[in-house]
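Below is a short report on one protein chain. Keep the sequence and the 3D view open as you read.

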Amino acid sequence: MELQQKAKIISDALEVLFGVPTRDGTGDVLESLILTILSQNTTDVSRDKGYAVLKERFPTWEDVLHADVKAIEAAIRVVGLGEQKSNTIKNFLTWLQAEHGELSLEFMHNMETEEALEFLCQHKGIGIKTASVTLSFACGREVFPVDTHILRISKRLGLIPPNCSAEKAHQLLPPIVPEGKAYPFHINLIYFGRQICDARKPLCERCSLTQHCLYFKDNLQA
Ligand code: SF4
């Protein structure tokens with residue numbers, strides 16, 4: 001079976017299970033980027049707590065820009081990797097102010113998707129996943145961010161090779177994602193990873209995708 005066909009079957013099955021998630025794609029782009037930086041390697045709950053403390057201590061992006069990086073690190077301590085993330089945020093805001101004269105990324109709505117991805121990825125600490133999430137959630141673009149759930153499930157289902165890196169998966173998966181389904185497929189795979197295809201204990205007995213799953217064939221099929 002062609003990978004595109006297989007991805008469509010999986011996408012359709014997940015929509016039966018979880019519905020079709022929608023987005024408005026009009027969020028504040030800079031806020032979305034900072035939230036995504038904070039969310040690296042942590043939970044949504046911790047990310048939101050860290051963001052709330054950051055905004056409480058530094059209500060505007062100008063305040064964050066002029067704050068000591070150690071103070072930013074202290075504010076976002078709950079999210080983990082505080083030193084790395086605070087440096088990424090501070091460096092990005094410093095660059096943005098110097099290059100564009102204001103702390104806003106709303107101009108990205110007018111950029112081509114590939115150009116916008118390159119624009120964000122040129123900065124240390126901002127990788128393809130962070131850039132893709134920002135463009136998907138805040139700009140409504142047809143991009144496909146690959147998080148840890150999506151990487152694991154795509155390997156188990158044979159959409160990408162077993163040793164594929166997250167970086168490589170960002171190249172291999174978008175061409176096989178059903179047209180117009182990048183956002184709902186992304187969200188539904190995350191739901192699926194959290195609720196059924198768990199990293200350590202996948203609930204294969206509850207899964208409707210067993211016939212398409214290499215992991216199931218190799219490990220569980222009688
Ligand atoms: S059969 Fe098991 S491992 Fe395969 S996709 Fe379903 S839950 Fe995941």
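## Two crossing helices

Helix 9 and helix 11 are roughly perpendicular to each other, a label for angles of 65 to 115 degrees (under 35 is roughly parallel, over 145 roughly antiparallel, the rest oblique). Helix 9 covers residues 148–156 and helix 11 covers residues 182–195. They pack at an angle of about 80°, with their axes 9 Å apart. Axes are lines fitted to C-alpha atoms, for helices over the stretch in contact, and angles run from 0 to 180 degrees between N-to-C directions.

Which residues meet? Helix 9 brings His 149, Ile 150, Arg 152 and Ile 153. Helix 11 brings His 186, Leu 189, Ile 190, Phe 192, Gly 193 and Arg 194. Contact requires C-beta atoms, placed from the backbone, within 7 Å. By class, this contact has 5 nonpolar, 3 polar and 2 charged residues. Ala, Val, Leu, Ile, Met, Phe, Trp, Tyr, Cys and Pro count as nonpolar; Asp, Glu, Lys and Arg count as charged; the others, Gly among them, are polar.

## Basis of the model

This is a predicted model: local features need pLDDT of at least 70, side-chain atom pairs count only at pLDDT 80 or more, and totals for chains, interfaces and linings use all residues. Residues are numbered from 1 along each chain as its sequence is written.

## Overall build

The chain has 12 helices and 0 strands. Both are DSSP runs, numbered from the N terminus (helices: H or I, at least four residues; strands: E, at least two). The C-alpha atoms fill a box of roughly 60 × 35 × 30 Å, taken along the principal axes.

## Two domains

The domain assignment gives domain 1 (3–21 + 145–219) and domain 2 (29–139). Such bounds come from an automatic or database domain assignment. The domain centres, taken over C-alpha atoms, are 28 Å apart.

Where do the domains touch? In domain 1, 9 residues are in contact with 5 residues of domain 2. On the domain 1 side, helix 10 (166–172) and helix 11 are the elements that give two or more residues. By class, that side has 5 nonpolar, 2 polar and 2 charged residues.

Methods: Two residues are in contact if their C-beta atoms, placed from the backbone, lie within 7 Å.
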